[in-house]
Amino acid sequence: MNETVVDCRDRSTREINREIRGLIAGGCLQIRVTEPEARHNLGVALLHPASVHFEGSVGYYCAGMSDQAHVEVSGSAGWGLAECMLGGSVVVRGSAGSGAAASIRGGTVVVHGDVGARAGCAMKGGTLIVGGNSGYMTGFMGQKGTIIVCGDAGAALGDSMYETEIYVGGSICELGNDAVIAEPTAQELADLHAALTQHGFHAGRHWKKVLSGRKLWNFDRTEALWREAL
Amino acid sequence: MCGIAGYLDRSGSGEAPVGSVLLRMLTALGDRGPDSAGVALFGEPSQSLVLRIKLGEVGDLASRAELVVARLGGEGIGAVQAERSGPYLRVALPPNTPLPAVTSAIESLTPPGSDAVELISAGRCLEIVKQVGSPADLESAYRISETCGTHGIGHTRLSTESRVDLSHSQPFWAHGVPDLAVVHNGHVTNYHRLRRIYEQRGIRFYTENDSEIIGIYLGLRLARGENLEEAMRASLTDLDGSFCYLAAMPGVLAFAKDPYCLKPLVVAETQGWVAVATEEVALRQALGHHFRASEPPGRTLRVWETTMPLLAAA
């Protein structure tokens with residue numbers, strides 16, 4: 001398949017994104033972006049099934065609001081990786097900053113290294129796979145979707161979640177408010193292993209599943225705090 | 001939102017292009033802080049105690065410079081060298097000159113306020129230059145890219161709660177502590193409480209910028225006998241709010257990051273150097289591609305030292 005190269009040097013972010021989108025609209029399905037130099041907002045709102053490979057690191061919000069595209073980053077990514085993504089996939093070979101896969105509705109985000117704080121916060125679907133460790137408050141207020149952390153999870157894991165499910169292969173520093181640990185079923189483990197194997201991760205760990213305890217879902221006037229206040 | 005950057009040449013030879021690396025990093029971080037820019041540059045220990053004094057923002061600065069030198073002389077503090085550059089007077093004094101006497105002589109010249117004569121930095125290794133404007137403006141005014149040294153820290157400021165002028169710009173020298181400088185990105189939310197406590201103990205503040213309190217906090221703990229790492233570790237608990245800050249002393253560069261990861265910071269290390277910046281784009285534009293960079297987790301601090309011991313001399 002023909003590959004087209006987009007060079008970021010001496011060009012504005014808007015020019016780079018316009019060229020990427022123009023190439024995809026013209027039928028180009030394989031794009032290699034060189035010298036991204038960790039600049040922000042690259043490859044946002046890509047709405048067609050093309051493959052875009054960033055050679056190097058990207059800054060904030062890379063692949064945000066995208067759908068159907070496959071984005072690969074050979075370096076690391078800044079804050080808000082794939083934020084609000086609807087579908088498609090994003091693979092980062094290095095690490096990602098805070099807010100990776102925040103508010104995604106679908107698709108898969110894979111980070112081979114570590115992710116920063118609030119990874120997968122307010123997810124409404126999709127899957128986030130982290131090869132390394134995840135930071136503070138991973139999964140905060142997650143509504144749906146799955147987060148898989150192969151390494152260790154930071155403090156306040158799964159705080160105030162709705163129905164996001166988190167699987168952790170390493171240690172858990174501390175559970176967040178209303179997060180509870182459950183034993184994964186055989187089917188869930190099989191799905192987990194399939195997802196990890198597909199992305200080249202070793203799946204042989206003792207996995208812990210973290211989900212909402214559902215105590216924060218509804219107002220409870222019998223709770224001690226409210227008994228005093230009301 | 002502000003941008004902070006730090007660079008340390010591990011060899012400590014004093015010949016690293018610290019000024020030009022910091023300038024490139026600050027230029028990349030210019031969008032995070034268009035209000036002001038500044039650097040704290042560290043070199044090998046000078047034979048003098050070097051002061052950088054803000055003469056004022058407006059008015060007859062040449063006369064004020066003469067007044068400063070005369071006042072120091074009147075207090076028996078003879079300047080080895082005095083040189084004016086824009087709003088700054090750079091004064092070299094004998095190395096053992098007592099800093100409190102210098103400070104009180106300078107502060108007696110004008111009433112406290114936005115256009116007061118103010119000691120911006122003091123030390124044998126440290127010099128701070130900062131001003132309102134962009135990193136490019138800082139470069140054209142002071143040619144910081146031509147400065148070599150051991151390490152340095154820099155800042156681009158977006159003002160949120162205090163005024164935009166030279167004094168409120170960063171880096172901040174930890175007033176009264178030679179050769180200690182700090183840059184901060186974030187908001188110290190217990191600033192007013194801490195400030196009230198410190199002011200009751202007689203400590204003077206020179207600005208209304210919450211970032212100023214970090215240098216004062218560290219300086220007080222160092223005075224109690226703690227080392228920089230111990231002082232910074234305590235700050236992770238004692239400071240509330242969002243912060244990533246860098247602190248620098250002779251031969252030492254360090255950062256601390258708040259427990260909630262509310263502010264970004266990216267770190268890169270090679271055998272030859274250490275670089276820290278708010279965004280990776282600064283590291284890439286200043287230092288290229290041939291290294292890995294990563295964001296440390298919250299409640300983290302790191303302290304790096306040059307291999308050449310400088311502390312004893314400072």
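1. A crossing is left-handed if the near helix is turned anticlockwise from the far one by less than a right angle, and right-handed if clockwise. Helix 1 of chain B passes helix 8 of chain B in a right-handed crossing. Helices (H or I, at least four residues) and strands (E, at least two) are DSSP runs, numbered from the N terminus.

2. This is a predicted model: local features need pLDDT of at least 70, side-chain atom pairs count only at pLDDT 80 or more, and totals for chains, interfaces and linings use all residues. Residues are numbered from 1 along each chain as its sequence is written, while chains are lettered from A and ligands numbered from 1 in the order in which they are written.

3. In chain B, helix 1 (residues 18-28) packs on helix 8 (residues 280-287) at about 140°, with axes 8 Å apart. Axes are lines fitted to C-alpha atoms, for helices over the stretch in contact; angles run from 0 to 180 degrees between N-to-C directions. The two helices of chain B are therefore oblique to each other (under 35 degrees is roughly parallel, over 145 roughly antiparallel, 65 to 115 roughly perpendicular, the rest oblique).

4. Contact means C-beta atoms, placed from the backbone, within 7 Å. From helix 1 of chain B, B:V21, B:R24, B:M25 and B:A28 meet B:V281, B:A282, B:Q285, B:A286 and B:L287 of helix 8.

5. Chain B has an open, antiparallel sheet of 5 strands, ordered 9-10-11-12-16. Strands pair if DSSP finds at least two bridges between them. Strand 9 (172-173) and strand 16 (300-305) of chain B are the edges.

Notes:
Contact = placed C-beta atoms within 7 Å.
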